[in-house]
Each structure stands twice: as C-alpha cells, then as structure tokens.
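Hello,

Here is the structure you are taking over. Please look through it first, then read the notes below.

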4 protein chains.
Amino acid sequence: MISFESDYIAGAHPQILKRLAETNLETLSGYGTDSYCESAREKIRAACGCPQADVEFLVGGTQANSVIISTMLRDFEGVVAAKTGHVSIHEAGAIEFTGHKVLELPQKDGKIEPSVLKKFMEDFYADGNHEHMVFPGMVYISHPTEYGTLYTKKELTDIAAVCRSYQIPLFMDGARLGYGLMSRGTDLTLEEIAKLCDVFYIGGTKVGALCGEAVVFTKQNRPAHFMTSVKKRGALLAKGRLLGIQFDALFTDGLYFEISRHAIEAAERMKEIFKRAGLAFYLESPTNQQFIILENSRLELLQKDIAVSFWEKYDETHTVVRFATSWSTTDEQLDKLEAMLLPGSGAREA
Amino acid sequence: MISFESDYIAGAHPQILKRLAETNLETLSGYGTDSYCESAREKIRAACGCPQADVEFLVGGTQANSVIISTMLRDFEGVVAAKTGHVSIHEAGAIEFTGHKVLELPQKDGKIEPSVLKKFMEDFYADGNHEHMVFPGMVYISHPTEYGTLYTKKELTDIAAVCRSYQIPLFMDGARLGYGLMSRGTDLTLEEIAKLCDVFYIGGTKVGALCGEAVVFTKQNRPAHFMTSVKKRGALLAKGRLLGIQFDALFTDGLYFEISRHAIEAAERMKEIFKRAGLAFYLESPTNQQFIILENSRLELLQKDIAVSFWEKYDETHTVVRFATSWSTTDEQLDKLEAMLLPGSGAREA
Amino acid sequence: MISFESDYIAGAHPQILKRLAETNLETLSGYGTDSYCESAREKIRAACGCPQADVEFLVGGTQANSVIISTMLRDFEGVVAAKTGHVSIHEAGAIEFTGHKVLELPQKDGKIEPSVLKKFMEDFYADGNHEHMVFPGMVYISHPTEYGTLYTKKELTDIAAVCRSYQIPLFMDGARLGYGLMSRGTDLTLEEIAKLCDVFYIGGTKVGALCGEAVVFTKQNRPAHFMTSVKKRGALLAKGRLLGIQFDALFTDGLYFEISRHAIEAAERMKEIFKRAGLAFYLESPTNQQFIILENSRLELLQKDIAVSFWEKYDETHTVVRFATSWSTTDEQLDKLEAMLLPGSGAREA
Amino acid sequence: MISFESDYIAGAHPQILKRLAETNLETLSGYGTDSYCESAREKIRAACGCPQADVEFLVGGTQANSVIISTMLRDFEGVVAAKTGHVSIHEAGAIEFTGHKVLELPQKDGKIEPSVLKKFMEDFYADGNHEHMVFPGMVYISHPTEYGTLYTKKELTDIAAVCRSYQIPLFMDGARLGYGLMSRGTDLTLEEIAKLCDVFYIGGTKVGALCGEAVVFTKQNRPAHFMTSVKKRGALLAKGRLLGIQFDALFTDGLYFEISRHAIEAAERMKEIFKRAGLAFYLESPTNQQFIILENSRLELLQKDIAVSFWEKYDETHTVVRFATSWSTTDEQLDKLEAMLLPGSGAREA
C-alpha cells in the first residue's frame, strides 16, 4: 500500500526534528517572543526582500485564514473569495464564525479572474443601494489554489491593481506556497508576491513542518495588538518555539525551497506516469497536487493499493481524485505507482 | 409626483393608529407579556389553525431572520437559501454576524426548486469528507420571494418533505405573507403553511403596520428561553404593547387580509396598465411587487413623475425597477400612472 | 390598583400619537432617510449645542448599547462598566454576543468613581503582561444610573479626563437622560454632556415615546458605514419615520424636557410621601426612580394595591423595590399612594 | 542565569521527541483519525477509569477552554468562573469572542467555594426576573488553580452536586492537572475527577509536551459533530499525529505522572529553600507553582540572576512573583537557587 492521499501524511522533514531536539533544553520565553522566532522572522523578511515586513506564526491554515481575515476586515465588510476557495467551502464556516461573510465569486480552475473581480467591484458600487449589503473589504486568493493551479504574474498584478483602486487588502493563502514557487512554469517569485500582496502566509504544515504557518504583513499593516487578537481566538501557542524553530530551520540553507522542489519533481514524474497510462486529468496543475478523473469501478480497484483523496463527484460514473506529493515522496513509491498503472512498462513491480 | 417605491412608504393602516390611541393610557406590562400580545397570539393561532403554536413578536424582518436562524441552528450548521434570498444579499451579513454561513443555492424566479434542494442535500451527505464543511441545518425560503413570486402547494410540500427526511426545519420568511395569501392564483393557505413550515413569520411592517413581525413556531419548537435569546440580540422591545396592539388589530375582523387584498387588486390593475403600455415584465409576479425592464433613458424620464425602486442592472442600456402597491395605494395614484404611461387612453390626466 | 412598576407602562405621550396620525399618509423614504428624521437630527443637534454631531435613531436601549459598543470597540478591546451597569447584568449578555467583554468595576450607588477608574487604567498598563488581557477600550456609564443616581459635572469631567488621557471614548447610556437633566440638583446640562461624552443617547422609550433612542456622536466619530453595521445587527427599522417623527415631536417646543419635569415633580412628591410614611430609602435618588427597602410581609400586602418592581433581595426578610414615575403619572395616582401609605393623613382616599 | 519563569520554558520531555522521531516516516491520516490518537485515547480512558469517555485533542489551553465552553453552552447561557479564573482574566476575552459571558464569582485562593456557588445559583433562580440575565450554564474550575491551589475531594464533590442539581455541566481546566494529581496532600485521583466532572482536560503543554491538551468528555456528552465545531474555530490540526503521538507517549509507562512527580519534588525542595530564607508566601500552594511576596528592590536584584514571572502588584512596595518547576528543573538549578537565597548555607555556590 502506498499513499498519495495528501501532503501531510508524514511527520516533519528530518532537519526540523533535528533542530527541535538540539534546542530542546534551551530556556526560551513563550508566545513567540523567543530568539528562534526572531531569527525565523529575519530570515523570512530577507527571503521576501521585504525588510519592513511583520512576520507572525500561527499553527494551521484555517486558523491563519480566520485570524487574518477577521482582524483585517472592518465591521461592515466581508471577504471576496472564489466559490471553490478554502475559506468558502472547507473551513466549516470559520470565517462566518468571526461574524463576516465570504462573498463568493465564480472561478476558473480554482482562480479568481481579474476581470470578474473588477466587474464585481464596479457593480457593487454602481448600485446606489448597497448600504444593505456586505461591503467587499478584502480579496482572498490561494496560491497554489485548491486545484493546484497558479496565478501568473500578470494575473496577480491585475488583481492587486483592483484591490489598490478600491483600497482593500489582497490576501494570499499560501498553505502550499512552496510548491507554487518551485513550480517550473511560474513567473511569480516570493519577492513579487510580497510586493503585490498586503498579507500572505508561507505554509509550513503542508511543506514539511509538523505544523505552522508564517504570516507576512508586507505593508506595515499588522493589526494593532495582534498578539491579543490571536490570544482572543485561542490561537496563541504557549511554546512559540515550536513554530520559531521549525521556520528557522525551513529558512536556513533554502530547506523550504528544497522540500518544495523535491515534491514538484515527484509530481512531474507522476504526471508523466498518468499521461502514459492514459488517465484523464481534471485540469492542468503545475504543482504537487494532481487531479484525475477515474471511473468509479477503476477507482475502487486502485484504492486497494493506493491511497488517494476523494475530491468531488465528476458524474454518475466518474470521480475526481487527488494525488499529492510531498517532501516524503520517494522514488520507490513512484516506481510502485508506475508498476501498477503501467504493468508492462518495465517499471519495478511492487 | 406619485410613489410606488415600496410597500413601506406610508405610515400604518388607520385602524392600527386608532387602536394605539384607544389603548394608550392603559397600564400594561412590558416585553411582550401584556394582554394585547396574548390576544394577538390567540388570534394568530386561530388564523393558522395551529392551536399549539408559539407566537412571538419582533420588530423587523432582518431581525426576525437573524434571531430565528441563529437560535434554531446548531453550532456546526448553516442555513440553506436561494442565492437571491434576502438573508443572502440584502441583510448586510446579519446571519454571518451570528456566526453562521448562508449556503446559497441556485434559484429560479427567486425560488428554490425542490429538486435542486434534494440534490444539494444528497450530494452533501454523499461526500464522506463533509466534516470540514458547514452542515445544512435549516432551509430558508421567502413567500412571496424577493421577486414577488410564490411557491405552489406542491412545491412547498416537496421542500418540506426534503427537510423532514433530513430532520432540519423549514423556515418561511413571510415579510409580505399577506400578499402571498391574497394573490389570486395561490393554492397555499395560512393553515397549509403552518402545517408545512416549522417556523414562519407573518409580516407586519410591509403589510400595514408601523413595524412588527409575528413569528410562529408551529411544532412546539420554540427555542428554550427564547426571550433571553431575543434580549441578547438587542431585539426585545420594552413596550411590547406596540407590537401586540398592532397584531391584535391586524387579526381582528380580517384586517390583515383586507389590507393585503387591497394591495393585490391595485397590483392587478397596475399590471394591466403595464401590459397595455407594452412594458416588459422581468418576470411574472402574482403579488404586490412588479418588476419591469426599462430602457435607461426612459427610466430617467419616468422618475421625474414616479418614484420606483432600482432593482438591478439588466444590461448596459436597461434596468430592472420595482413598482410596489400597499394598503395606501389609491385609485387616484393608479389613474395618474395610467395617464402617464397611456397618455391617449382616456385615463384621467395627472 | 395603581402601578409605579416602571416608566414604560403606558403608551406614548399624546402629542407623539397626534404627530404620527397627522403624518401618516405622507410618502416618506425608509431607513432613517426621511425628512422627519432629518428635522429631528437638526433639533437634537441644536439642543445639544453640538452642530457637528451625527445623530442616529435606534429602537431600544439594549440595542443601542450593543450597536454602539460593538461598532466603536476595536477587536482587542472590551468596555469598562460598573458591576451594576445595565450592560453588565440586565442585557442577557448582549455585549458578549458581539464578541466583547464587559470589564466590571466596583461601583458606588450605581456610579463609577473617577478615582477607581483611574487606578484601574493605571494598573492595567502597569502590568507588563497585559497582552493576554482584554484592553479597556471604552467607558460605559449610565446617567441616571440603574439606581436613579446622577453624576456631578465634576465627576463626569474627571471620568472624561481619564478617557481622554488613554484615548478611549466615553459613552453615556441615557435611556432616562431626560430625568437626569430635569432633576433639581443636577449641574449637568445637555450641552455639557455633549461636550464631555464621545457618544451618548437620548432615551425615548422610557421618556414618553413608543420606542426609540437617539444616538449622538459628538466628535465626528460615527463609525464608517454605520447604517450597514446597524443593518447587520438586525437593528435598522424599515419605517424609520416611526423614530424620526417621535423625536421630532419630543424636541419640538421642549416636549422632552416637559415630560421629564413632570415625572421628576411626581417623584419629588412621592419621596415626600415615603419620608412621611417612614419608609427606608435604599439610597438617595434625585430622579424618577425611587428604591425602597420593605419588609417582605409588608411588600406582600402593598402589592395587592400597588404594582412595583422587585429590584433585589436586601436580606432574608427585606426586599428592595423600585417605584417609577413617568409622563403618565397623575395626581390621582399619587393621592391614592398617599392614602394607602398615610391613611390618617387627610389625603384623598382611594 | 537560571529560570523558574514558567513550566513551559523548555521543549518537550525527551521521550516525546524520541517517539516523534521514531514514527516520523509512518503514513498516517490527518485530523486526529490516526492510530496514535486512537491509542492515546484508549490509554487515557483506562487511566481515567472511564471506558465510555470521548477523548479529543486540542493544541492549547485557551483554545480548549473556548472550544469546550462555546460548544457546550446553550445560546442563553454563560459560564460561571472564579474572578481570578484563567477564562475570566488571562485569555484576552476568548470566551466572550464566542458570544458568551463569563459570570465571575468571588474566589478564595483561586478556588470557587461550594457554598458561594450554591448561593449564587439560588439567588439567580430566586429572582423572578432573570430572563434578562445570562443564565449560569456551566461551571468552570481549574485544578490546580491559577494560584497553584487544589480542590479537595469534598469540595469537588460539593461543587459537582450543585451542578447536578441545576443540570449544568462541571468543567475542569486541567492545564496543569498532572501537578495536582502528584501533589502530596491531594485526595483527588484521576478516576475521581472523571466521575465528578462532566468534561475536563489533561494538560500537555505545561506538563512536558510541545503542545496539546487531551479533552475528556466523561458522560457521553461530546457535542454533536465536534470535529466540525473544532474546525470552525480554526482549532483542528492537520497533522493530528503531533498530538496523538505525544499523548500516547505521555500515557505509556506512566510518563505523565513521572514528569509531574519530578516537578512536585522540585517544588517541595524549592519551598524548603524559601522557608529557610524567610521569604513570604503569598499563599500555600501544594503544586509546582509557588507565589512569593518580594520587596520591589529585592525583586530587582534577584532578577539579575533568576528569571521569575511577575504575578501581581501586592502593594506600593511589594510584588507577588511566581516560581514554577517542571520536568526540566534540575538539581543544579535548585542548588544555585539555594546558594543565592541562602549564601552561607553550604549549598553549592553558583
């Protein structure tokens, strides 16, 4: 049995565990005030080319989304997101729990199209009667998206321009940001992202850490008394070192990028296997998540040997499933996958 | 200048003001515990053919929606509504303010189609992974809808059946319920509605009262300590008599129905005028709100003499506007409308 | 049977009903945008000597408290109030419902003492570790308090000075403000209050209106898009005229003050009767609410003829009860009260 | 420099890190559904003598408090806690963020006295008018308390009896539960606690884990769809293994109790040192936190060599500070402390 179920099925990258062990006995202050948090912040600022950034660590993605959105929106505002956005569908209403609406836009391959956003904003303000409606107060995008797709530099620039013109922040959920940055075709760098986005986070949980997301406020726009707001949401970690040490390790000697590149290379090989096996791609994903349409009967068979994620019903007889690679994906696992899908191909049999 | 801008442009039906004046000096207890509230409750129970109903009075429609939905949903649930539902769009996020998501369904003429609801529920529970999603915990419909349309008895029965099979309540927003009940073509009575819905309200604000909505819990399902939950939401009126006396008057000698019938008759005449004038209906509404598509230039002209409501942009050169009738609509106003739209028709000129 | 149970046991002052009837057929726009709301705003600004004030109308006191506090506090802040404050005890948790804590201070006769407030603020900021605590972000006082007592000009000035020095707003709940202003001993005028407070409201419900509170933002500090925030809380009245017309009447020819003076005069006579009858005052109240300590057996007897409000248990054998006067209190009622409490005094027997 | 600042200044107990490393490459499902979570649950049920218990893992203490309280309270309820309770003061309003009030009771040494609770409940229901007040819907206690003190079996039994008689749950915050269980004088066992409390948690963060609290619902009373409610609050950890593996290690071969005993023994020795040095105890604490009153000048001096926590101002010239021991406190550290406080005592000099 091999698993491509998600990018969080294994523990942490060994280098992270090593650093946790090495620093274990050091006396460190709590709540993110320790020296490793400070060092990690410094390294992330450097990696982003954004010396004025405020960097804060949170435990998980939904938590980060909910904390960021609810502390940055004003009372009368909601957050604009793709209908398929993580905050729209897969967070059990975490944004609404904080009292704010998610304003859902149509999407294409998981992305908000700049022109659709622009029209939405124009229409909102065109209607004289919008005082009875939730004001669009922030734009949420994920990069990579929930479908593994990526914004181009042009698209992100256009979306940022709409946000600027209405003076609302652009927020990028980067739970899988590393895979976006290391994707072969991308023209978006971390520095570019830091320039275009008002706030974003660099995902750890799905990129080799045990847990943790590094939130980057790029425009000296961190909400006042942010620590108190984090505490108020039950999101402040007592042993903040757990996050600081991990991100310090991830941003030392390019570990974060190396982990991401490894997963991208594994995904590239996986795509090749899928193509040769004639599988149908649900869409073209340039990152570590691949979405395949399978006949239900074939899926049933496959799941005896390979763990994958159910993604969505395609039609009455087909299902979309997700295969994900990560830092822990091995050549052996891919060999086995190849052997299963292309039995006569000469790949090593499982 | 005449106005068909809404059904709340005038004060209250004179009979209501009369009763307020007559009872003004009576000493009455507060917070809905007075004898007029009790009498109104009794009359409403009788009108609904639902002797076991709990009847509570609230001040306005958005308040009623938010109180009912947030006290009846469980923590992990959201409310299902049409994408065009009042709670979805025109309440400034009042439902989300209480921590719950509005799960928006596609709509037809403002209505949820029973088959669409059924499929949505089936798909939700088919997906094994729905613990990360907001559970559909209640269905919200409005009758008449925001587009003046009405559910048939068959449709309401089918929607109720879906709710029953998933054991979630069906809630009808009846802000304009009177106009639905008095519409010529309807096959839905108040008794039928009380049988099929778990909770609904009988709108006063838009049907001749100064303010007030009568919430009817039909299945002995009023949330525990409802008065405290109402107070917690800032929705408890100290002089509850203001609501009790008005509803007592509305449900004495059929005043509520008479007011509604008057508006429906006015709307029927208005529709005739529109048809003869060749105006384009946005959709067929059998109630007191009529939606007309106008060329923008013609609209501009019209608005010099007639106040109407902007509804939505139709296309670059056309707009949908709403004309509403109410208890206070007079023959003279309709004569003027006719004269304006059909200048040579012999109608009395304005 | 006579009732001194509260100041909201009767309907509205007749002049208010008269104006509602006179304006009933006028076509007016909704949601507080009509000409009566505008006129009332202008008159209130003039009465407050505060031409730059923003005046908004809400339906009730708890609603006003919750809307004002939750739209003015920042995320990490709570509101400071006396332990006996209305927001602390008698609003069923309405402030907490909006996500904010009430920071309760010790009180004296229902009032916050300036020195106690000052020390509380100093101690909060002295403790280096207060990032885990709710920041005091606003001070709430009521005037008159829940015990009918009044702040002196000196006290209010001192409290305002503390607020200024910490740059947090001072908010006065004026649900019974009229009675405070017309109290004989007060040295606080409406103009003074408008100068010292950042926001306050002028209560209508308990001072002769059917419902309604006029919120006055004195420092050009009305929260952005306030109408939307009000809507979001289910607190926006469709027929805003109901509030506008009432406050327009109250602030025409000094009606608000006349109503209040009438109740104060009635309370003064009532106090005389109590003193002569040897009743024990719980505290000295200079306004329309009087708090008396009664033996439980005597209370039981009294309640056969006079309705009063249970206030609190005094000890095992005594109870504190409240007597309230209002615009509708008559000489006849006071005659009866006197006859009951001072049977041989020559007062007219009931 | 040595530190007794808190019990979370070091990393994790080495056995925990060892287990994280050993299991690191295992493929495990997410969100608490893995085999280690299951195994940890089983071991905790056994340790509690409560085979029917539902055990859920959360990341931190404030998070646990807020999730438990807000999912177990009903809409009209608040939670009763000591004025000094963690939820009352040191969680930045996390409970209020979920829409519920903390009803603060007077305390003694950090504890709620059963008689005070009983009287509070009786008084609440004695007052006929409590529909305008927050209902007491749960009792929160911490054990050890924020002052290191412990409930006796008699006290806990009496508090539980009050809760039972009003049918509200008793919730014990056990962020430091281990230290309570291993305290020499206690007559409360884990089994007893599981019997008397409706829900409690076994703290990991402050008892040797990197993070994590194990919530135990003892009466088959886990809220429906708890995982969804946890997700909604941003509190669901993707790599749930991080919590499962840690608690599995803590409840293997009595590690949790051994860690706690070690800290208690260190605290006992520390108390001896304090006594011999003539320091003033703020109160008698039988657990790992010791509260000492120091002259401010002496404190300043001391802090050059020893890190402690400011607790509260005692008076103008004295301060209460906290010394805490933990799994990582060593004999060497205590030797140094002794040498500093008792320079001529023959203890090893630092």
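Predicted model: local features only at pLDDT ≥ 70, side-chain atom pairs only at ≥ 80, totals over all residues.

Next, the contact between chains D and C. Chain D gives 21 residues to it, and chain C gives 21 residues. On the side of chain D that touches chain C, α5 (94-97), α6 (114-126) and β12 (309-313) each supply at least two residues. That side of chain D is made up of eight nonpolar, eight polar and five charged residues.

Now the backbone. In chain A, the peptide bond between H143(A) and P144(A) is cis, with omega about -5°. P144(A) sits in the loop between β5 (135-142) and α7 (153-166) of chain A. In chain D, H143(D) and P144(D) are also joined by a cis peptide bond, and omega there is near -10°. P144(D) lies in the loop between β5 (135-142) and α7 (153-166) of chain D.

Which residues other than glycine have a positive phi? Y31(A) is one of them, with phi near 65°. Y31(A) belongs to the loop between α1 (14-22) and α2 (35-48) of chain A. Another is D109(A), with phi of about 50°, in the loop between β4 (102-105) and α6 (114-126) of chain A.

Are these two buried or partly exposed? Y31(A) is partly exposed, because 19 other C-beta atoms lie within 10 Å. D109(A) has 17 other C-beta atoms within 10 Å, so it is partly exposed.

Regards

Notes:
Residues numbered from 1 in each chain as written. Chains lettered and ligands numbered in written order. Contact = placed C-beta atoms within 7 Å. Helix = DSSP H or I, 4+ residues; strand = E, 2+ residues; numbered from the N terminus. Nonpolar A, V, L, I, M, F, W, Y, C, P; charged D, E, K, R; others polar. Buried ≥ 20, exposed ≤ 12 C-beta atoms within 10 Å, placed from the backbone.
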